[in-house]
Amino acid sequence: AVVSTQSTGEMLGSLSPPEAPAIEAVQRVGMRTEGKQRPVKITLRSKDTVSRILARKTSLRNTVEFDRVYLSPDMTIEEREARGKLVVELKRRREREKEKTFCIRRGAVVEVSPEDR
């Protein structure tokens, strides 16, 4: 699929409430592999806009067209490594304690209470 500034703007416009940011660049990253989709890097002009979009990113799951789109902030190599360790811990705890629900919040694996689900 071709990724353009227009299609990216449409995706961000489907956030709740809609967002119409100033998009500087849109590009695919990583090596092409048959049958796999590559991530897309979106560069925006304002950090405030990035924060607002990331705060509402879960609203994309409620749309038909973008329910499989996942947004994440730009991270350094160290941040990605730390996140990877947290994901391993999260999977381990979910496997060990199947009756409980866990997630990653503020750099730690935490149990989610039933009222927070």
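The points below go from the basis of the model to the whole chain, and then to single residues and their contacts.

1. Basis. This is a predicted model, in which local features need pLDDT of at least 70 and side-chain atom pairs count only at pLDDT 80 or more, while totals for chains, interfaces and linings use all residues. Residues are numbered from 1 along each chain as its sequence is written, and side-chain values use heavy atoms, with hydrogens and water left out.

2. Fold elements. The chain has 3 helices and 4 strands, where helices (H or I, at least four residues) and strands (E, at least two) are DSSP runs numbered from the N terminus. Read from the N terminus, the order of these elements is α-β-β-α-α-β-β.

3. Extent and burial. Taken along the principal axes, the C-alpha atoms fill a box of roughly 45 × 35 × 30 Å. Of the 117 residues, 21% count as buried, a term that stands for under 20% relative accessible area, with exposed meaning over 50% and partly exposed in between (1.4 Å probe, protein chains only). The chain exposes about 9300 Å², of which carbon and sulfur atoms supply 50%; accessible areas come from the Shrake-Rupley method with a 1.4 Å probe, and for residues only the protein chains shown count as cover.

4. Contacts along the sequence. Among the contacts in the chain with a separation of 6 or more, 26% are between residues 24 or more positions apart, a contact being heavy atoms within 4.5 Å.

5. Charge. There are 25 positive and 18 negative side chains, and the centres of the two sets lie 2 Å apart. Lys and Arg count as positive and Asp and Glu as negative, whereas His and the chain ends are not counted; the place of a charge is taken as NZ of Lys, CZ of Arg, CG of Asp or CD of Glu.

6. Salt bridge between E24 and R45. The whole structure holds 6 salt bridges, each defined as a side-chain nitrogen of Lys or Arg within 4 Å of a carboxyl oxygen of Asp or Glu. One of them joins E24 to R45, with 3.8 Å between the closest N and O atoms. Because E24 lies in strand β1 (residues 23-28) and R45 in the loop between β2 (40-44) and α2, this pair ties together parts that are 21 residues apart in sequence. E24 is partly exposed at 49% relative accessible area, while R45, at 60%, counts as exposed.

7. The side chains of R92 and E89 meet in a salt bridge at 2.6 Å, N to O. These two residues are 3 residues apart in helix α3, so about one helical turn separates R92 from E89. Both are partly exposed, R92 with a relative accessible area of 40% and E89 with 25%.

8. Salt-bridge network. R96, E97, K100 and E111 are linked in a network of salt bridges, in which the closest N and O atoms of K100 and E97 are 3.2 Å apart. K100 counts as partly exposed at 32% relative accessibility, whereas E97, at 17%, counts as buried.

9. Negative patch. On the surface, D74, E78, E79 and E81 gather in a patch of negative charge; patches are made of residues with over 30% relative accessible area and no salt bridge, like charges being joined within 9 Å and nonpolar side chains (Val, Leu, Ile, Met, Phe, Trp, Tyr) within 5 Å. D74 is in the loop between α2 (47-55) and α3 (77-96), and with a relative accessible area of 71% it is exposed.

10. Two threonines. T5 belongs to helix α1 (residues 5-13) and is partly exposed at 44% relative accessibility. Leaving aside residues up to four places away in sequence, T5 touches I23 and V26. T43, in strand β2, is partly exposed with a relative accessible area of 27%, and it touches A22, I23, E24 and A25, again not counting residues up to four places away in sequence.

11. Backbone at R106. Which residue has a positive phi of about 50 degrees although it is not a glycine? That residue is R106, which sits in the loop between β3 (101-105) and β4 (108-112) and is exposed, with a relative accessible area of 88%.
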